[in-house]
Amino acid sequence: MLSRHTRSADVLIVGGGIVGASVAYFLRALGFTGRIVLAERDFAFLWGSTRHSMGGIRRCFLSQVNVRLAQFGHEVYREIERHLSFDGDAPPFRPVGYLLLADGRNWSLLHAMHSRLRTWGLMPEWVGREALPQLLGWELEDSLVGGLYCPGDGVLDVPRVHAALYRRLEELEVETVRADVDRILVEGGRLVGVEAVLVEERARVRWKVPRAVVAAGAWSPKLTAAAGEYLPVESRRRAVYSFALEKRELPESLPPLPFLLLPGGEMVALRGEELLLSIPAGQAHEEDAALAVLRRLGPYGRGGRLLSGRSAVHDVHVRDYSPIVGPCPRAEGLWVAAGFGTYGVGLAPAVGFGLAERILRRRRATLPLDFLTPSRITQAAWVEEALLG
Ligand SMILES: Cc1cc2nc3c(=O)[nH]c(=O)nc-3n(C[C@H](O)[C@H](O)[C@H](O)COP(=O)(O)OP(=O)(O)OC[C@H]3O[C@@H](n4cnc5c(N)ncnc54)[C@H](O)[C@@H]3O)c2cc1C
């Protein structure tokens, strides 16, 4: 039988991906001095989404709330050295632009997004088919009819950002614990504790804690269900391939490659000397599908040597494709942040900041998180969004 421990905390965060770590960071940034415990079962981060992310940072969404949150994230990443600089060195954000390519399937959706974004003060450009070769530096196949180009958006090296965030959390005295959380304890409609197996000690622990945040990605619904909270969040799989890039062999005149989101949900980005390519998984012969995308990438597709391929999950809120963030109605003191689709890295700073503001009961919350509240599930108050990737 496992030995048992009882501990206490002021705030316990379940899940140490980019969202959970951002909540911890912003609690401290807003001056919280209480005891914060971050419980994560795998500090190699092989299972969660974060370390597999392609790092595309975009402000182009269909709903104003997601645009606002993405703008906040963009500001944080653009000035990342203010948050995550060590000895003058910070993980870079590369503002190479973000290009959502259109064919017959998503053309009208991207056009609608384009006109909405302009009314909200963002100025993405609609690039017609004839102008794409100039933007990209090569000819694309006939099926593409153009694209929505968002200058100033770009690419983040997510593994480096996530690792730097942990270094900062250590300085800020956030306690990180390798623990597999399996029970959320609610009594009389109130959170009273969280139970877990301490993976290294092979012991059980119960934290007495008045406030907890479930930020466990695709595993969040399982944890909140035990507290009576149903989350319509599903786990989806993507494949990620990495190809070595011989930069010397690329034409010197080639413009910087924007982050690419293709109409079939495929994503392409450059990270250092690697070309990353991600496709929705589940189709037959995934590798062939990935190679077919590679061949569409002009000079980038020639001679790319496969370095690695892996499979990764992400969590999708299947009702409206927007994350579920806020207090759980049936368990006072319990908060949730899940259902981030393929945009959780971009939204994480706003979600971290916004949740920290609310957990600390700041009088005037600055970000419109209330639209994403879990109560909208029973009220069917959906936020209109599109799952493009
Ligand atoms: C291939 C791919 C490409 C993507 N590309 C982009 C992109 O370009 N831009 C973008 O913004 N987003 C992208 N995303 C999405 C993004 O990665 C996620 O939205 C984001 O990482 C979610 O962070 P999270 O912290 O909510 O979840 P996760 O990173 O999944 O973290 C959850 C953590 O909880 C832990 N956990 C789970 N259950 C328990 C438990 N019971 N006890 C303790 N710990 C537990 C897990 O181990 C995990 O580390 C991509 C995702 C994938 C898979």
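Which residue in S9 does Arg94 stand opposite? In this predicted model, Arg94 faces Val155 of that strand. The contact belongs to a pairing of S5 with strand S9 (residues 154-156), in which 2 bridges join the antiparallel strands. An open sheet of 3 strands contains this pair, ordered S4-S9-S5 with antiparallel pairing. Its edges are strand S4 (56-57) and strand S5 (93-94), each of which pairs on one side only.

Of its 7 residues, 5 are buried, so S17 is largely enclosed by the rest of the structure. Strand S14 (residues 233-244) is joined to S17 by 7 bridges, and the two run antiparallel. Strand S16 (residues 267-271) also runs antiparallel to S17, with 5 bridges between them.

S16 and S17 form a hairpin. The two strands are separated by 2 residues. Gly272 lies in the turn and has a positive phi of about 60°.

Helix H6 (residues 158-171) includes Arg167. Is this residue buried or exposed? Arg167 is exposed, because 11 other C-beta atoms lie within 10 Å and the cut-off for exposure is 12 or fewer. Arg167 and Gly272 are separated by 105 residues in sequence. In space, the C-alpha to C-alpha distance between Arg167 and Gly272 is 22 Å.

Technical notes
Residues are numbered from 1 along each chain as its sequence is written. This is a predicted model: local features need pLDDT of at least 70, side-chain atom pairs count only at pLDDT 80 or more; totals for chains, interfaces and linings use all residues. Two strands pair if DSSP finds at least two bridges between them. Helices (H or I, at least four residues) and strands (E, at least two) are DSSP runs, numbered from the N terminus. A residue is buried if 20 or more other C-beta atoms lie within 10 Å of its own, exposed if 12 or fewer, and partly exposed in between; C-beta atoms are placed from the backbone.
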